[in-house]
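Please read the points below with the sequence and the structure open side by side. They are ordered so that each can be checked against the coordinates in turn.

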Amino acid sequence: MIDVLSTGLIVVGLLFAALSLGSALLKRAPDNLQVGAAAVVELLLLVQVVGAVVQLIRGERAAEFATFLTYLIVSILVLPIAVLWAASERNRWSSAVLGVAGLVVVVLVVRLQQVWAGA
């Protein structure tokens with residue numbers, strides 16, 4: 001795993017979650033800023049996937065390979081599903097769903113780091 005990228009993903013994911021949950025607390029539906037922030041987080045996740053695949057091709061392996069792949073796949077699916085949900089139901093709870101999805105991404109990235117390191 002690329003530690004700088006993972007750390008950046010954690011920070012950006014937490015900022016996205018705070019933005020979305022703050023919007024939910026203010027009883028606002030998701031706006032373009034939230035969707036754009038979700039796209040940035042997703043782009044960083046895709047860069048992380050490419051980096052992980054490159055490292056796997058080079059022969060590096062995670063301690064628990066199947067668990068690592070599962071976390072990697074789920075990490076790139078969470079935000080698109082949350083954004084689709086938010087687009088279909090435009091209310092304050094959609095912002096809450098995006099915020100929770102941001103927190104889930106952060107937890108997945110932390111777990112990816114732990115599994116890669118063999119913790």
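Predicted model: local features only at pLDDT ≥ 70, side-chain atom pairs only at ≥ 80, totals over all residues.

1. The crossing of α1 and α2 is left-handed.

2. Helix α1 covers residues 3-25, and its 23 residues should span 33 Å at 1.5 Å a residue, which agrees with the 33 Å that separates its end C-alpha atoms. The buried residues of α1 are L5, S6, L9, I10, G13, F16, A17, S20, S23 and A24, and they pack against α2 (32-57), α3 (65-88) and α4 (92-117). As background to the spacing in such a list, an α-helix has 3.6 residues a turn, so residues three or four places apart point the same way.

3. L5, which lies in helix α1, counts as buried because its relative accessibility is 15%, where the cut-off for buried is under 20%. Leaving aside neighbours within four places in sequence, L5 is in contact with L44, V47 and Q48; of these, V47 is 42 residues away from L5 in sequence, with a C-alpha to C-alpha distance of 8.5 Å.

4. S6, also placed in helix α1, has a relative accessibility of 0% and therefore counts as buried. Once neighbours within four places in sequence are set aside, the contacts of S6 are M1, Q48, V109 and Q113. Q48 is itself listed among the buried residues of α2, while the contacts of L5 also include Q48.

5. For α2, the 26 residues should span 38 Å at 1.5 Å a residue, and the end C-alpha atoms are 37 Å apart, which agrees. Its buried residues are Q34, A37, A38, V41, E42, L45, Q48, V49, G51, A52, Q55 and L56, and what covers them includes α1, α3 and α4.

6. Where does the backbone show a positive phi after α1? K27 follows α1 with a phi near 60 degrees, a positive value in a residue other than glycine. This residue, K27, is found in the loop between α1 and α2, and with a relative accessibility of 61% K27 counts as exposed. After α2, the residue G59 likewise has a positive phi, near 105 degrees.

7. How many salt bridges does the model contain? The count comes to one, formed by R58 with E60, whose closest N and O atoms are 3.3 Å apart. R58 is exposed, with a relative accessible area of 59%, whereas E60 is partly exposed, at 29%.

Definitions and conventions: Residues numbered from 1 in each chain as written. Heavy atoms only, no water. Helix = DSSP H or I, 4+ residues; strand = E, 2+ residues; numbered from the N terminus. Expected span 1.5 Å × (residues − 1). Buried < 20%, exposed > 50% of the residue type's maximum accessible area, 1.4 Å probe, protein only. Contact = heavy atoms within 4.5 Å. Salt bridge = Lys/Arg side-chain N within 4 Å of Asp/Glu carboxyl O. Left-handed = near helix turned anticlockwise from the far one by under 90°.
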